[in-house]
Amino acid sequence: MKHLLSMTDLTSDEIIEILDMAEDLKEKRVRGKVTDLLKNKSLAMIFEKSSTRTRVSFEVAMSDLGGHSIYLNSRDIQIGRGETVSDTAQVLSRYVAGITARVNSHKTVEDLAAHSQVPVINALSDLEHPCQILADFLTIREYKNSLKGLKFAWIGDGNNVCNSLILGCALVGMEIAVACPEGYEPNADIVAKGRELGGNINVTNDPQEAARDADVLYTDVWVSMGDEEERDKRLSDLADYQINSELVALSKHNVIVMHCLPAHRGEEISAEVMEGPHSVVFDQAENRLHAQKALILKLMA
Ligand code: CP
Ligand code: NVA
């Protein structure tokens with residue numbers, strides 16, 4: 001049995017296998033071919049935080065594969081009244097074939113996995129967002145045909161999505177430059193782990209340096225879920241780290257611009273770039289569905 005808590009729970013071969021499966025499932029869906037490989041299987045989905053893409057793509061993925069999903073808002077289940085994470089994991093394991101969880105603290109997904117008899121999938125924690133990266137890599141492959149050898153540039157807050165991208169890039173052989181203001185750098189242990197995995201990782205405070213000759217420009221919100229109290233400070237500290245047409249002009253002529261969404265036009269990305277010809281953000285959002293379908297088939301089928 002395998003969990004997906006961190007990008008490093010997958011090998012580079014497993015990432016490629018999931019992307020290949022996702023491509024195949026995407027093509028089948030376009031042709032209207034249905035599969036029922038998860039018939040009679042259920043996925044419990046615990047959410048401590050809001051979600052549009054992750055929740056809907058997991059629910060549709062389960063339904064497309066003939067299975068069933070159960071949305072569990074953490075306020076409505078007994079966890080919200082103090083039942084332990086370990087008891088919850090043991091109970092859910094008796095009913096379902098998989099558990100996905102979006103949590104405030106990464107430790108919660110680790111605790112779930114430690115006590116679960118079924119695969120646990122991190123649907124976003126304060127530390128990582130591995131499901132997002134599978135969809136991102138699927139999208140990059142669609143536009144660039146491969147992953148290896150590309151230059152990836154992250155601009156903005158070195159957050160959970162950035163952490164998983166650093167590890168993912170290291171695994172698949174993509175160079176990554178991360179440009180953040182001082183104090184917003186990605187988790188130091190993650191950067192060290194990425195380098196241990198052979199990653200070419202440059203952490204800088206200079207967005208122009210990161211964007212220069214990039215094949216992919218990527219950003220995410222400046223105020224992540226849980227950071228709301230710091231909103232004003234973050235908006236001011238991150239003001240020079242917007243993906244806009246000046247940064248696009250420094251990157252390769254065929255650069256793709258990515259954002260995991262939700263987006264705040266005029267903050268981390270200009271409206272012009274978000275709606276412009278380089279933006280692939282809605283393909284990226286669609287690919288959450290295909291990538292997660294492949295993931296749950298690999299872990300739960
Ligand atoms: N990108 C992403 O995870 O979106 P949601 O928060 O809407 O799930
Ligand atoms: N970094 C963002 C990602 C949202 C999908 C957050 O954690 O809120």
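L261 lies in the loop between strand 9 and helix 11. Helices here are DSSP runs of H or I with at least four residues, strands are DSSP runs of E with at least two, and both are numbered from the N terminus.

A word on the source. This is a predicted model, so local features need pLDDT of at least 70 and side-chain atom pairs count only at pLDDT 80 or more, while totals for chains, interfaces and linings use all residues. Residues are numbered from 1 along each chain as its sequence is written, and chains are lettered from A and ligands numbered from 1 in the order in which they are written.

Back to L261. Its phi is near 65°, a positive value in a residue other than glycine. L261 has 16 other C-beta atoms within 10 Å, so it is partly exposed. The scale runs like this: buried means 20 or more other C-beta atoms within 10 Å of the residue's own, exposed means 12 or fewer, and partly exposed is in between, with C-beta atoms placed from the backbone. The bond from L261 to P262 is a cis peptide, with omega about 5°. P262 sits in the loop between strand 9 (256-259) and helix 11 (271-274).

D213 also has a positive phi, about 60°, and it is not a glycine. Look for D213 in the loop between helix 8 (207-211) and strand 8 (216-219). D213 counts as exposed because it has 11 other C-beta atoms within 10 Å.

Now the ligands. Which residues are around ligand 1? They are S51, T52, R53, T54, L124, Q132, C260 and L261. To be listed, a residue needs its C-beta atom, placed from the backbone, within 6 Å of the molecule. The shell splits into three nonpolar, four polar and one charged. Nonpolar covers Ala, Val, Leu, Ile, Met, Phe, Trp, Tyr, Cys and Pro; charged covers Asp, Glu, Lys and Arg; the others, Gly among them, are polar. Domain 1 (7-128 + 287-300) and domain 2 (132-284) each give at least three residues to this shell. Those bounds come from an automatic or database domain assignment.

Ligand 2 has L124, N159, N160, V161, D220, V221, S224, M225 and C260 around it. That shell is five nonpolar, three polar and one charged.

Next, strand 3. How many of its residues are buried? Five of the five, residues 98-102, so strand 3 is largely enclosed by the rest of the structure. In a regular strand, side chains alternate between the two faces of the sheet. Here both faces are covered: G98, T100 and R102 are buried on one side, I99 and A101 on the other.

Strand 3 has neighbours. Strand 1 (residues 42-47) runs parallel to it, joined by five bridges. Strands pair when DSSP finds at least two bridges between them. I46 has A101 as its bridge partner. Strand 4 (residues 120-122) also runs parallel to strand 3, with three bridges. There, I99 stands opposite V120. Strand 3, helix 4 (residues 106-115) and strand 4 form a right-handed β-α-β unit. Right-handed means that, with the strands pointing away from the viewer, the path from the first strand over the helix to the second runs clockwise.

Finally, F47. F47 belongs to strand 1. It is buried because it has 20 C-beta neighbours inside 10 Å. F47 and V281 are 234 residues apart along the chain, and their C-alpha atoms are separated by 24 Å.
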